[in-house]
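Notebook open, model loaded. I'm jotting down what I looked up, strands to begin with and then a couple of side chains.

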Amino acid sequence: MSEKKKFTLEYEIHSSPKILFTFLNEPNGLAQWFADDVLYREQIYSFMWDGEEHRAKLTNVKENKFVRFRWLDDEPQYFFEMEILQDELTNDVALSITDFAPPEAIEERRLIWDNQIQYLISVLGA
């Protein structure tokens with residue numbers, strides 16, 4: 001397995017942090033934009049895409065702020081994180097994504113996140 005590189009993306013989201021957070025940590029919310037289906041059992045999230053299951057553990061969470069998942073079939077130092085950022089002056093809300101991918105796959109992974117976040121924005125009606 002090649003060494004993965006960390007990358008971060010940021011998206012402006014017209015939503016309150018509280019509403020957005022339910023789409024980041026609740027299985028029903030995640031199933032509306034992130035995966036075809038999401039199941040949660042014994043602290044493990046099962047994400048389904050095209051009939052394939054990928055399991056992740058929620059390793060860190062701060063209500064209305066961020067969630068961090070670690071894929072169970074990946075090295076322990078790799079994770080993906082979704083953090084809600086709110087500007088103190090304007091109250092504008094952004095979603096920051098931190099992920100890891102092999103250098104040759106980063107651009108493809110960015111496009112996947114771009115697509116998924118656009119879908120999230122449409123689900124939020126934002």
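I started with strand E3 (residues 44–49) and strand E4 (residues 52–62), which run antiparallel and are joined by 6 bridges. Strands here are DSSP runs of at least two residues, numbered from the N terminus, and two of them pair if DSSP finds at least two bridges between them. Met48 sits opposite Glu53 in E4. The two strands make a hairpin with 2 residues between them, and Asp50 in the turn has a positive phi of about 50°.

Housekeeping: this is a predicted model, where local features need pLDDT of at least 70 and side-chain atom pairs count only at pLDDT 80 or more, while totals for chains, interfaces and linings use all residues. Residues are numbered from 1 along each chain as its sequence is written, and side-chain values use heavy atoms, with hydrogens and water left out.

Next I checked Asp36, in the loop between helix H2 (27–31) and strand E2 (37–41); helices are DSSP runs of H or I with at least four residues. A polar atom of the Asp36 side chain lies 2.7 Å from the backbone nitrogen of Asp50. I also found Asp36 touching Ala31, Met48 and Trp49, among others, not counting residues up to four places away in sequence (contact: heavy atoms within 4.5 Å).

Back to the strands: E4 also pairs with strand E5 (residues 66–71), antiparallel over 6 bridges. Val61 stands opposite Val67 in E5. This hairpin has 3 residues between its strands, and I noted a positive phi of about 65° for Asn64 in the turn.

Terms used. Polar contact = N/O pair within 3.5 Å; in protein donor to acceptor, adjacent residues only side chain to side chain.
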